[in-house]
Amino acid sequence: SLDGVVIEPGECKPIEIAFTPAALRARSTDLIIESECVPVLNVPVTGEGLVPCNLRYQNVLDIGETDMDVPKTGTFTSAICNDGSEPITITISLFGPGRSLYTLLSSTTKVLAPGECYELQVQFTPTGAGSPEMAYVRYTSECGSLEAELKARAVPVPPVIEAASVNAGELDCPGMQLDTILLVTNLGKTDLLISNVALVDGAQGFSIISWPQKIAPKTTDTIFIRFIPTSVGFKSDVVVVTSNASNEPSYQIPINGKLKDVRISLDAPVNFGVVAPGAFPVQKTMTITNTGDVTLTITAASFGSGAPFTVVGGVPLILKAKEKGDITIEFADPGKNGQYTFPLTLATDPSCSTYVGQVAGERKAAGAVLSVPDMKADPHDRNFRIPVQLAASEDFALARGRKFQITVQYNDHLFLLRKVSNGSIVRID
C-alpha cells in the first residue's frame with residue numbers, strides 16, 4: 001500500500017500487486033489512486049490464470065485416403081479435452097493454404113466442462129489426386145491458442161476396362177475381307193492407358209489394325225480388326241488388351257467370324273453322242289450338286305460363241321446345302337457334221353469362283369441308203385442279181401475317188417459289197 005506516501009518531483013514509486021487466480025481464465029480489475037492532483041485515478045489491472053489450464057489435444061488429425069472425387073469425413077472424438085478443474089470455452093476455426101478443401105461440420109464454439117472432450121468433424125473434398133496443401137484446426141480459449149494439423153490424401157481411381165465379344169460376320173469367298181470394330185469403354189475415373197493389343201492365336205484370319213493408346217474416363221474408343229480367313233469354316237480368336245485397368249490388366253475379348261463354304265460340283269461332262277441330221281434337236285440334263293454349307297443360286301448358264309448348245313430349262317436354280325438340281329441342255333443341229341465340244345459356264349450367287357462344265361456331241365450322217373426290191377430267188381444261184389438303188393444323203397457325196405463300203409443284209413446275213421460301180425453287176429461274197 002502507498003497510503004500517505006509523498007512522491008517528490010521527478011520521483012517514481014513502485015506499486016506491488018499480488019494476483020492469486022482462482023480459476024483458469026483471465027481476470028481484470030481497476031486500481032484506484034487518489035491524490036491532490038487527480039481526485040480519483042482508475043488504473044486497469046489485468047491478469048490471466050495460466051497455470052491451472054490443462055488442455056489435451058491431438059496435434060495431427062489424419063482423415064486418411066479417399067478417391068480423388070469422393071468427399072470423406074473425419075471424426076475425432078477426442079480432438080481436444082479439458083483435463084482441468086474449471087470449464088473452458090473454446091472457439092474452433094480452420095486456416096492454412098489448404099483450408100478450402102476442408103469443411104468444419106461440428107460446432108465452432110464449445111464450452112468444455114472438466115473432463116469433457118470435443119468431438120471434431122471435418123469433411124475433406126478433394127479436387128484431384130494427391131495430398132492437398134497444409135491446413136490446420138485452431139482452438140482459441142482463455143488458455144491461449146492451440147493448433148492441430150489436418151491431413152488427408154486423394155488417391156487416383158484406377159481405370160476399369162469393359163468390352164463385349166465381337167462377331168466379325170460371314171464372308172462368302174476366300175480372299176474377301178471384313179473390317180470390324182471392337183468397342184472398349186473406360187468405366188473408371190482416370191485415363192485408361194493401353195500399352196498393347198494382341199491376338200492369342202493369330203492364325204485364324206484376324207489381325208489388329210489399330211488401337212487407341214489412351215481412353216478418357218467414362219468414354220469409349222475403338223480397336224479396328226480385320227478378318228481375312230484362308231480356309232472355310234467358323235474361326236475364333238481372343239483379343240488381349242494390356243492396360244493399366246484395375247479390374248483386368250490383360251483384358252480378353254473373344255472374337256469370331258466365318259468363311260462360308262460356297263461350292264458346287266457338276267456331273268461328268270454331258271455327251272449327246274452321235275446325232276443324225278434328222279434327229280435334232282435333242283436334250284439332256286446336267287445334275288449340279290451344292291457341296292457347300294449355304295444355300296446358293298445358279299443365276300446363269302451360258303456357252304461360248306458359236307456353240308450349238310443352249311440351256312433351255314432349270315435356270316435360275318436354287319440349291320440348299322448338299323442339295324442336287326438339274327438344268328436342261330439342248331443340242332441343236334449345227335448344220336455340219338463334226339464333233340462339237342463347248343464349255344458351259346455357270347454363274348452363282350454367292351459368287352466365289354467360275355464353274356465350268358463340258359458338253360459334247362457329234363453330228364454325223366447315217367450314210368447312203370440301199371433300196372432293194374422284194375424278190376425271191378434260188379439261194380444256190382450264184383448268179384442271182386439284185387437291182388440296188390443307192391440313195392445318198394445330202395452330205396454323203398459320191399465324189400470321184402472317194403472310197404466307201406456298203407453292206408447288205410440278206411436272210412439275217414451281212415454281206416460286204418466288194419466293188420461298187422454305177423450300172424455294173426456286183427458280186428456278193
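A residue counts as buried when its relative accessible area is under 20%. In this predicted model, S106 has a relative accessibility of 15%, so this serine falls on the buried side of that cut-off. As for its place in the chain, S106 sits in the loop between β7 (102–104) and β8 (109–112). Its side chain has a couple of polar partners. One is the side chain of Y118, joined to that of S106 by a polar contact of 2.7 Å. Another is the backbone nitrogen of Q121, which lies 3.3 Å from a polar atom of the S106 side chain. Setting aside residues up to four places away in sequence, S106 touches Y118, E119, L120 and Q121.

Once neighbours within four places in sequence are left out, T66 is in contact with P71, K72, F124, P126, R153, A154 and V155.

Next come the charged pairs. Side chains of opposite charge can pair when their charged atoms come close. Searching the whole structure turns up 13 salt bridges. One of them joins the side chains of K13 and E11, with an N to O distance of 2.9 Å; here K13 is partly exposed at 35% relative accessibility, and E11 is partly exposed at 30%. E147 and R138 form another salt bridge, their closest N and O atoms being 3.2 Å apart. E147 is partly exposed at 38%, and R138 is partly exposed at 28%.

What about R363 and D333? These two form a salt bridge with their closest N and O atoms 2.6 Å apart. The pair ties together distant parts of the chain, 30 residues apart: R363 is in strand β29 (residues 355–363), while D333 is in the loop between β27 (324–331) and β28 (338–349). R363 is buried, with a relative accessible area of 5%, whereas D333 is partly exposed at 37%. Salt bridges also link E170, D172 and K260 into a network.

Notes
Residues are numbered from 1 along each chain as its sequence is written. This is a predicted model: local features need pLDDT of at least 70, side-chain atom pairs count only at pLDDT 80 or more; totals for chains, interfaces and linings use all residues. Side-chain values use heavy atoms; hydrogens and water are left out. Contact means heavy atoms within 4.5 Å. Helices (H or I, at least four residues) and strands (E, at least two) are DSSP runs, numbered from the N terminus. Buried means under 20% relative accessible area, exposed over 50%, partly exposed in between (1.4 Å probe, protein chains only). A polar contact is a pair of N or O atoms within 3.5 Å; within protein, one must be able to donate a hydrogen and the other to accept it, and residues adjacent in sequence count only if both atoms are side-chain atoms. A salt bridge is a side-chain nitrogen of Lys or Arg within 4 Å of a carboxyl oxygen of Asp or Glu.
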